[in-house]
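Here is a short tour of a model that you can follow on screen. Keep the sequence open beside the picture as you read.

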Number of protein chains: 2
Amino acid sequence: MVVDEEVDRLFHALADATRRDLLRRSADGELSVSRLADGYAMSFAAVHKHVAVLERAGLVTKTRHGREQLVRTDPAAVARARQALDELEATWRGRVDRMSDLLAHPTRGENR
Amino acid sequence: MVVDEEVDRLFHALADATRRDLLRRSADGELSVSRLADGYAMSFAAVHKHVAVLERAGLVTKTRHGREQLVRTDPAAVARARQALDELEATWRGRVDRMSDLLAHPTRGENR
DNA sequence: GTAACGTATAACCAGATGGTTGTAGATGAA
DNA sequence: TTCATCTACAACCATCTGGTTATACGTTAC
């Protein structure tokens, strides 16, 4: 089970097109923050902040390589996001099922 | 393929614990905004705003029932969120695969 | 050794977000 | 009809967000 604040950070990080693009471009971990920043019409500092948001959400990791900091997407993190969605869906699917059950067996659904 | 701004709204709506809870509680669409609001330590207006965010993201729909407005989670919307995650994962899985391929057949991986 | 590059961080700003209280209009119940 | 309830929205406020420029510090290249 995934804790609330972590899910907050996760979905918040995903709720920005630039950051989602950064995630895609950081798949194989060969690009530095500067190289990543080259792709956008914003300052290096802005991109650096976006990477920081992704990092705090656990979606990417950085590894030093000389003076560069290589960024790599963490597949496990996206799996965590999916799990959070799954848990959401499961809860509410559960409720719907309970209701269907209630409709199917009305005489037995009185105390819930 | 899901358009960017829609995904923004989707993930932003999901990035708040109160709203995720509202989604769960709105599974079977039997609760009004007021009934939903009873569950939280915040004003009705605040909950009303949260519901509006969910609505703009397409995660819930409201249907009038007398003077009440019943809120119901839209399963298709959560499916859209999942699809967005899938597309993200696919892109980057694709990159990783291409890289693995490059490592496996170094002489054939020059033009990509 | 010095210059260039890459990263990190601070200070600042406009606009969005998440909360509040207050008010007003519809609708249903007495 | 009158009153209570539910919804909607406006105005306000503090904080967060996403951008900027400027500056400082390590590391590499020359």
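Two strands count as paired if DSSP finds at least two bridges between them. Helices (H or I, at least four residues) and strands (E, at least two) are DSSP runs, numbered from the N terminus. With that in hand, take a hairpin to begin: in chain A, β2(A) and β3(A) form one with two residues between them, and A:Gly66 in the turn has a positive phi of about 65°.

A word on conventions comes next. This is a predicted model, in which local features need pLDDT of at least 70 and side-chain atom pairs count only at pLDDT 80 or more, while totals for chains, interfaces and linings use all residues. Residues are numbered from 1 along each chain as its sequence is written, chains are lettered from A and ligands numbered from 1 in the order in which they are written, and side-chain values use heavy atoms, with hydrogens and water left out.

**The sheet in chain A**

In general, strands of a sheet pair through backbone hydrogen bonds, either parallel or antiparallel.

Between β1(A) and β3 (residues 68-73) of chain A there are two bridges, and these strands run antiparallel. A:Ser32 has A:Leu70 in β3(A) as its bridge partner. The antiparallel strands β2(A) and β3(A) are joined by six bridges, and A:Thr61 stands opposite A:Arg72 in β3(A).

**The sheet in chain B**

Chain B also has an open sheet of three strands, in the order β1-β3-β2 and with antiparallel pairing. Here β1 and β2 of chain B stand at the edges with a single partner strand each, so one side of each is left without a neighbour in the sheet.

Strand β1 (residues 31-32) of chain B pairs with β3 (residues 68-73) of chain B in the antiparallel sense over two bridges. B:Leu31 has B:Val71 as its bridge partner in β3(B), and B:Ser32 has B:Leu70. Six bridges link β2 (residues 60-65) of chain B to β3(B), again antiparallel. Along this pair, B:Val60 is the bridge partner of B:Thr73, and B:Arg64 stands opposite B:Gln69. The hairpin of β2(B) and β3(B) has two residues between the strands, and B:Gly66 there takes a positive phi near 65°.

**How the two chains are related**

How is chain B laid on chain A? A turn of 180° with a shift of 0.0 Å along the axis does it, giving an RMSD of 0.0 Å; copies are superposed by least squares on the C-alpha atoms of residues with pLDDT of at least 70 in both. The two copies are therefore related as by a two-fold rotation axis. The same surface serves both copies, as 100% of the contact residues of chain B recur in chain A, where contact means heavy atoms within 4.5 Å.

**Where the chains meet**

At the interface, 31 residues of chain B are in contact with 31 residues of chain A. The buried area between them is about 3100 Å², with carbon and sulfur atoms giving 65%; this is the accessible area (1.4 Å probe) that two parts lose on being put together, summed over both.

There are eight salt bridges between chain B and chain A, each a side-chain nitrogen of Lys or Arg within 4 Å of a carboxyl oxygen of Asp or Glu. The elements of chain B that give two or more residues to the side touching chain A are α1 (4-14), α2 (17-25) and α5 (75-104). The largest share, 13 residues, comes from α5(B).

| Salt bridge | Distance between N and O |
|---|---|
| B:Glu89 and A:Arg82 | 2.1 Å |
| A:Asp4 and B:Arg20 | 3.4 Å |

The pair of A:Asp4 and B:Arg20 crosses between chains, from helix α1 (residues 4-14) of chain A to helix α2 of chain B. Over all chains, a search of the whole structure finds 16 salt bridges.
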